[in-house]
Amino acid sequence: MKKIIALLMTAMLALAMFPMSVFADNGPSEAPYAFLYAEQLDEKGAQTGNRYDFYSESTAHTSTYPGITYVKSANELRFDSDVADTKLRVCANMMGDDFTIRIDGKTSLEQIVVWGDGYGGNLTVTGNGELTVNKRKNFDSAIFVQAEGTAGKVTFGSDIKVNLYGNDCVAEIVGSTAKSIGESFSFENSQSVNVTKSDCVLERTESIDGVYLSGYQFWGGLVCDSVSDPDGVYAVSQGFKGDDEDTVFFWVHRYVYLPKYDTYIEDNSFGEHGSLEYTEDEWGQQTEYAPRQEPSEEPAQVAFYDEDNLDADWHYSADQVRNPDDANGIYGCSRYSSESGGVTVYGYAISRYVPAQGSTKLIKDKTFKTIYLTDEEFAASGWEIVTGMADVYLERDNGVNYSWMQVYTDANGKKYAVQWGEEVYDFTANDGVQAGDTFYYYLEKNDSVSASSLTPSYVKVPVEGQYNYRIAATEFVYNGDKQTPVTPTPDVPSPVTPPVVKTSIAKATVSGIKNKVYTGKNITQSITVKLGSKTLKNGTDYTVKYTANKNVGTATFTVTGKGNYTGAVKKTFKINPKATAISKLTAGKKQFTVQWKKQAAQTTGYQIQYSLKSNFASAKTVTVAKNSTVKSTVKKLKSNKKYFVRVRTYKTVGKTKYYSSWSASKNIKIK
């Protein structure tokens, strides 16, 4: 994910340095995140989604685009013939110090981007053809090298002709370890070009056990056991991707434990982007990961049907019990009570279940006479309650964050780190980081200090031997001729253009707005903004700003015109509380008791709805006003009737109640 973000935000690349546990070398890296690909852009340099992989997941792909071939043995991307006006951007990561692009015809590219990632970030352009890069000037530079702790050297061969265009400069190298300008830019025919150099202050990093960590703290998920890594910590989460709510996906993540902060954090080196992705069918067929369960304190349930209605979409449930004299039989019980002489006796009514003829579904065994045992008789007879299995979740232990921070000091000299100008973290004990550093680090939040009470203390901390280099020209021709020196073309002022008349988007239509469910994180929308018949582009024609979009309630977002557009339009959507589920439903005399899973986060209380009809027509509703209550008894019901029951949560914000979706319904026959 880091590479995708960096590609779209080249202005931020100068700050992006991550800890790697590998070193510069020749040939492409075998790391899972090493890659070489070309992507199709449009006339304005925006991504179209078309991507052509030449090297990924340690595998070379030789013929993915006409006229372009990657030869792994030579570590060379070859343009064997004319590949003109392609609108392609070539992107390479960890491809080694000997990575070469060979041009033998006329080729035009939108941009060349190379990352080092601590392994190899060099680029050699060779061949006897002609290469033109960034002629449309959609990018600030034609060649961008994010050296990331490597030399990041750019070399032009003696026979190649290169035409480079840029807005700020034609070629830029960030974070190079090269000791001089000559080591950073090289021409095989001894020509030279005017180059400017600036010192680069890079953020300090902390690497824990050599693991490349993503920084997303682990909130919770169903723990998995791995067949090949039994000591590892894995978890699976389930959900949808984008707006496609018809396809269920499963994501497996690996987590590492940080003793220093007593928490788990996601290992981003696991899988392609920090996780393994499965469709529902793939998840059902894989055998590597098994969701772990542990014994529950609740009884296991026996599901049984009416013999005359096996295809019903509902079934009965009973607590499973074990018969000491029939270990292989399937038995279930329900609670009963009887009154005699003012004394109430409680006990168990036990039934036996067998598969229906020609089916695996269970029905009551008509040949078995129901056994009634008091509590004392049940305990003394050897019958046992069979406990079920409970899902195991790995929960976050504390508020540990991994973020880009700025260090501040207070009046007493204590050091703090501030995230986004709001979240404050005590950093006094970290002697290795000085005030003024920007860096990635693992911190524990300090709620007793406010950002406004701190004073910035900027201390420039240079990093030895790491620099930025730029070819100070907006147009540059390297013609491979040993007799003709090459000099940058001076900048020419752009012609004055008349001011653009901006159009208001106040009457624009905004579609795709959906109510959401509370997640504990800021929630956004995938919207489409249209003005008349024209669909506007986010980031180009408008920006979106959200307020009150984390907690349960009504969130607001404002679409504000940008570029050729002005004005704004404001929209709202609901954030509803998380749902709950019924964990136990027990029948009594003209009453039932329902128990549900606690859902205290952003929840005021619960509602119980019950009806004699499965579609909940003419349903009655009971409100439980405390979120700590997880059990309620509904009385004054009709005997010998089957009731359908469901539960939901609600949250009161001001004078408005926000409701979760209803739980799956369960039914029970009242005594």
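Author: Start with the terms. Strands (E, at least two residues) are DSSP runs, numbered from the N terminus. Two strands pair if DSSP finds at least two bridges between them. The model is predicted, so local features need pLDDT of at least 70, side-chain atom pairs count only at pLDDT 80 or more, and totals for chains, interfaces and linings use all residues. Residues are numbered from 1 along each chain as its sequence is written, and side-chain values use heavy atoms, leaving out hydrogens and water.

Take the six-stranded sheet. It is open, and its order is β4-β5-β7-β10-β13-β16. The pairing is mixed. At the edges stand β4 (68-71) and β16 (185-187). Each has a single partner strand, so one side of each is left without a neighbour in the sheet. From one strand to the next, the twist averages 15°. Axes here are lines fitted to C-alpha atoms, and angles run from 0 to 180 degrees between N-to-C directions.

Now look inside this sheet. Strands β5 (residues 76-79) and β7 (residues 100-103) run parallel. Four bridges join them. One to find in the view: E76 has T100 of β7 as its bridge partner.

Next comes a sheet of four strands. It is open too, in the order β8-β11-β14-β40. Its pairing is mixed. The edge strands β8 (106-109) and β40 (475-478) each pair on one side only. Here the twist averages 10° from one strand to the next. Within this sheet, β11 (residues 130-133) pairs with β14 (residues 161-165) in the parallel sense, over four bridges. For E130, the bridge partner in β14 is K161.
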